[in-house]
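Dear colleague,

I am handing over the structure below, and after it you will find notes on what was found. Please read them with the model open beside you.

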Amino acid sequence: MDYNKRLDGRDFDELRPMEAKAGVIKKADGSAYFRMGNTVAYAAVYGPREMFPKFMQNPKKGVLRCNYNMMPFSGAGERVRPGPGRRSKEISAVTDKALGAVVDLIDSPNAVVDVYIELPQTDAGSRCCGINAAAIALADAGIPMRDLVSAVAVGHAGNKICVDLDYQEEHLPEFLEGLDDHDVADIPVAIIPSTGEISLLQMDGIVPKEVLMKALHKAKDAAMKVNEVQRAALREKFASHIAENGNSDSDNSYNENGYSNDADATAQEDTDGI
Amino acid sequence: MAIIDQESKKHVKESLIKGVRYDGRKKDEFRPIEIRTGFLTTAEGSAHVKCGETEVIAGVKMAMEKPYADTPDQGILMVGAELLPFSNPKYESGPPDAVAIEVARVIDRGIRESKSLDNKRLCIKAGEKVWTINVDICPLNDDGNLIDIGSMAAVAAILNARFPCVENDKVNYKKKTDEPVPIHRIPIAITVIKIGSNLIVDPTELEEQALDARLTVTTIDDGRLCSIQKGGMGTLSIEEIDKMIDLAVHKSSEIRKLIKQE
């Protein structure tokens, strides 16, 4: 049989529910939280700052250094050993390239922009979720970029192209009995929304070329929806910043000495009734 | 050295504008390839691939081990690659860096995802003992395109491998059987690089340094794709990806013939 209804009831073009917030890690220069279904990623950006070790410095422009890490309790099965394994190092490298395509560090020679991506919970699509969080965090940090990067994993399972695979769909033959086609393909893609260029593309699984090309077009459409969520998170942060702190011109609650306007009144009350 | 590299990179790009690769090859032309197999006495299977100046050897070692808990009746395939400092002065001793890890993992995935190996036939006793097939790729000289050439060597070594004899439940590495590894497909990895608007295959080290982006496409015998990896700091349009895949599929059938001949 074919895969006619997705395990979680979504349409084949439908992404999992997404949530994003910018500025969630106060110590960082920029940060973000991004959720796609049950996959959750935090990203924190530190930089531009001096690059160590010094031999990695580039005198012509700043360097982007991404670090992807799964927290030990974040995997679907057993505990994930802490520390950078080979898989994490490879994902960090492809994330560098996915984001490096939009970042412009020509004004920060010898500096590094460190991007840390940490996942407390994963349900497939973790590298894409990490890239989505990192893009918001870079913007939050004010790093010069020509656009955000929006990523999503599309897949081919049970003869259908599915957008934003979850763990069960990645392993569909284990979860759906009687499936005709056991070849499941997992295709993470990162897109630059304004031009449609692809900055990350990987694929595992067996597909004919036509299926891959169709999947790429679907990924492009889905990435636009991710992009809306990213932009909304940034707008929300900067809009609320202005609402909370206001314009210094119109803030009347401070007197000219820097104290709250009713400070004198309070002092007088305290001296009564001694 | 740095100044020479800059000039060379410029030369590579400018020659390409005129439609010529600096070594005179066509954009879709591989360097001359030589493949030798079965020359190592200590390995169950071996292959030596020379492509231009890039030389890689791959060796297969087999052992009987406990299977993984979640696949008790399946054998295990592991493909590793180390970028050895003696093959290129830019590699340093020590644990593999991201570049080395990517080469190893891309080659491993290309072979693993092709599902070419009949893992169940490697089972000796379900839950207790299965054959593990370890393929290790060691570059002798790195002049570019390690992924493709490493992958060719790995596949050729697997095809060359024969199971060792088992006597009294122990492997006797000094005696080999006639039994080949149960492999029914030949996965071939082809890396296409983009320099400006040019798409070229089999880059030399210099061409790799000048690339904007690269796409490694691994295919199986019927032309279907089983693994893809995009690399490089540049981006690719969907149209470029389309062309790169076509080029990779086309070249893979030539390379597959060479490996089958061995």
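In this predicted model, strands β4(A) and β5 (residues 111–121) of chain A run parallel and are joined by eight bridges, where strands are DSSP runs of E with at least two residues, helices are runs of H or I with at least four, both numbered from the N terminus, and two strands pair if DSSP finds at least two bridges between them. Y68(A) stands opposite I117(A) in β5(A). Helix α1 (residues 86–100) of chain A lies across both strands, at about 140° to β4(A); axes are lines fitted to C-alpha atoms, for helices over the stretch in contact, and angles run from 0 to 180 degrees between N-to-C directions.

These strands belong to an open sheet of five with mixed pairing, in the order β1-β2-β3-β5-β4 (chain A). Because β1 (18–22) and β4 (63–70) of chain A stand at the edges with a single partner strand each, one side of each has no neighbour in the sheet.

Turning to the two chains, 26 residues of chain B are in contact with 27 residues of chain A, contact meaning that C-beta atoms, placed from the backbone, lie within 7 Å. The largest share of chain B's side, seven residues, comes from β12(B), and β12(B) pairs with strand β9 (residues 197–207) of chain A in the antiparallel sense over four bridges.

Residues are numbered from 1 along each chain as its sequence is written, while chains are lettered from A and ligands numbered from 1 in the order written. As the model is predicted, local features need pLDDT of at least 70 and side-chain atom pairs count only at pLDDT 80 or more, whereas totals for chains, interfaces and linings use all residues.

Best wishes
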